[in-house]
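Here is a short briefing on how the parts of this fold are arranged. Keep the structure in view while reading.

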Amino acid sequence: MQRRGARSRGRYLTLLGLPNGLDVTRLGVVASRRLGKAFRRNRSKRLIRELFRLNKRRSGFDLVVLPRPELCDAAFDALQADYRNVLRRFERSHG
């Protein structure tokens, strides 16, 4: 995924994406220990899943989101704007 896919970075997260040839877009979240304790990692995963659910775009991609430590402390509106911006840049790079 990291070698063949496109990467798009934002203030609160990094998005890796690769076409999957399916009719659905799949999401993966990599919340490493550098985010903090388990409750912060779980909160970041919940927030990202909610962003994914609310902002469905084109289908046929595998997306992996890497949250940054600032994600848990940000307002949801700021997260949503950042996610949309990152997703828009990713879609531009993949036509």
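Helix 1, residues 38–54, lies across strand 3 and strand 4. Its direction is about 160° to strand 3. The model is predicted. Helix 2 lies across strand 1, strand 2 and strand 4.

**Helices on the sheet**

- Helix 2 runs at about 35° to strand 2, which covers residues 13–19.

- Four strands form an open sheet in the order 1-2-4-3, and their pairing is mixed.
- Strand 1 (6–9) and strand 3 (26–29) stand at the edges. Each has a single partner strand, so one side of each has no neighbour in the sheet.
- On average, neighbouring strands of this sheet are turned by 20° against each other, direction ignored.
- Strand 3 pairs with strand 4 in the parallel sense, over four bridges.
- Arginine 26 has aspartate 62 of strand 4 as its bridge partner.
- In general, strands of a sheet pair through backbone hydrogen bonds, either parallel or antiparallel.

**Helix against helix**

- Two packed helices are described by the angle between their axes and the distance between the axes.
- Helix 1 and helix 2 pack at an angle of about 60°, and their axes are 10 Å apart.
- The two helices, helix 1 and helix 2, are therefore oblique to each other.
- The crossing of helix 1 past helix 2 is right-handed.
- On the helix 1 side, Leu47, Glu50, Leu51, Phe52 and Leu54 make the contact.

**The aromatic pair**

- The count of aromatic pairs is one.
- Phenylalanine 61 and phenylalanine 90 have ring centres 5.3 Å apart and ring planes at 80°, so the pair is edge-to-face. The cut-off for edge-to-face is over 60 degrees.
- Phenylalanine 61 lies in strand 4 (residues 61–67) and phenylalanine 90 in helix 2 (residues 76–93). The pair therefore ties together parts that are 29 residues apart in sequence.
- Phenylalanine 61 and phenylalanine 90 are both buried.

**Alanine 81**

- Alanine 81 sits in helix 2.
- The relative accessible area of alanine 81 is 46%, so this residue is partly exposed.
- Between alanine 81 and glycine 10 there are 9.9 Å in space, C-alpha to C-alpha, though the two are 71 residues apart in sequence.

Terms used. Residues numbered from 1 in each chain as written. Predicted model: local features only at pLDDT ≥ 70, side-chain atom pairs only at ≥ 80, totals over all residues. Heavy atoms only, no water. Phe/Tyr/Trp six-rings, centres within 6.5 Å; stacked < 30°, edge-to-face > 60°. Buried < 20%, exposed > 50% of the residue type's maximum accessible area, 1.4 Å probe, protein only. Pairing = 2+ DSSP bridges. Axes fitted to C-alpha atoms, helices over the stretch in contact; angles between N-to-C directions. Contact = heavy atoms within 4.5 Å. Parallel < 35°, antiparallel > 145°, perpendicular 65-115°, else oblique. Left-handed = near helix turned anticlockwise from the far one by under 90°.
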